[in-house]
Amino acid sequence: IHFTLENVYKMIKKLKPKMTCDPDGYSPFLVKQLVSALAGPLSLIFGSFFSVGRIPSAWKRAVITPIHKKGVSSSPANYRPVSLTSVFGKIMERVVAADMLNYLLDKKLLTPSQHGF
């Protein structure tokens with residue numbers, strides 16, 4: 001996996017700038033605003049986590065919030081769960097996913113008939 005400055009920078013820029021903070025109190029909006037200062041250090045941190053095969057346990061936790069879909073608000077069936085996870089964990093996951101996808105496409109290991117959701 002290539003945790004380059006460019007890859008991390010690109011994934012930070014793709015964050016949706018929500019004002020909602022992650023469980024640790026970091027806002028994707030703030031991280032996006034500080035992309036130039038954070039991309040380099042994060043690429044080094046991500047690389048070190050990946051090399052030892054461990055990530056912070058806080059990045060594995062989520063705060064589940066019910067979001068009302070439609071209908072009567074007193075019915076639990078009219079809500080869907082939304083997980084608020086670590087913004088830094090999301091960035092690392094996206095770099096890994098993009099790098100893996102590029103590898104699979106470059107090596108022609110995915111076929112057009114292979115799909116899912």
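Helix α1 packs against helix α4 (residues 87-106) at an angle of about 120°. Their axes lie 9 Å apart. The model is predicted. Helix α1 (residues 5-13) also packs against helix α3 (residues 35-52), here at about 125° with the axes 8 Å apart.

**α1 with α4: geometry**
- An angle of about 120° separates the two directions, and α1 and α4 are therefore oblique to each other.
- The crossing of α1 past α4 is right-handed.

**α1 with α4: contact residues**
- From α1, the contact takes in N7, V8, M11 and I12.
- From α4, it takes in I91, R94, V95 and A98.
- By class, the residues of this α1 and α4 contact are 6 nonpolar, 1 polar and 1 charged.

**α1 with α3: geometry**
- The angle between α1 and α3 is about 125°, and these helices are therefore oblique to each other.
- α1 and α3 cross in a right-handed sense.

**α1 with α3: contact residues**
- On the α1 side, L5, V8, Y9, I12 and K13 make the contact.
- On the α3 side, the partners are V35, S36, A39, G40, L42, S43 and F46.
- The residues of the α1 and α3 contact split into 8 nonpolar, 3 polar and 1 charged.

Terms used:
Residues are numbered from 1 along each chain as its sequence is written. This is a predicted model: local features need pLDDT of at least 70, side-chain atom pairs count only at pLDDT 80 or more; totals for chains, interfaces and linings use all residues. Side-chain values use heavy atoms; hydrogens and water are left out. Axes are lines fitted to C-alpha atoms, for helices over the stretch in contact, and angles run from 0 to 180 degrees between N-to-C directions. Helices (H or I, at least four residues) and strands (E, at least two) are DSSP runs, numbered from the N terminus. Angles under 35 degrees count as roughly parallel, over 145 as roughly antiparallel, 65 to 115 as roughly perpendicular and the rest as oblique. A crossing is left-handed if the near helix is turned anticlockwise from the far one by less than a right angle, and right-handed if clockwise. Contact means heavy atoms within 4.5 Å. Ala, Val, Leu, Ile, Met, Phe, Trp, Tyr, Cys and Pro count as nonpolar, Asp, Glu, Lys and Arg as charged, and the others, Gly among them, as polar.
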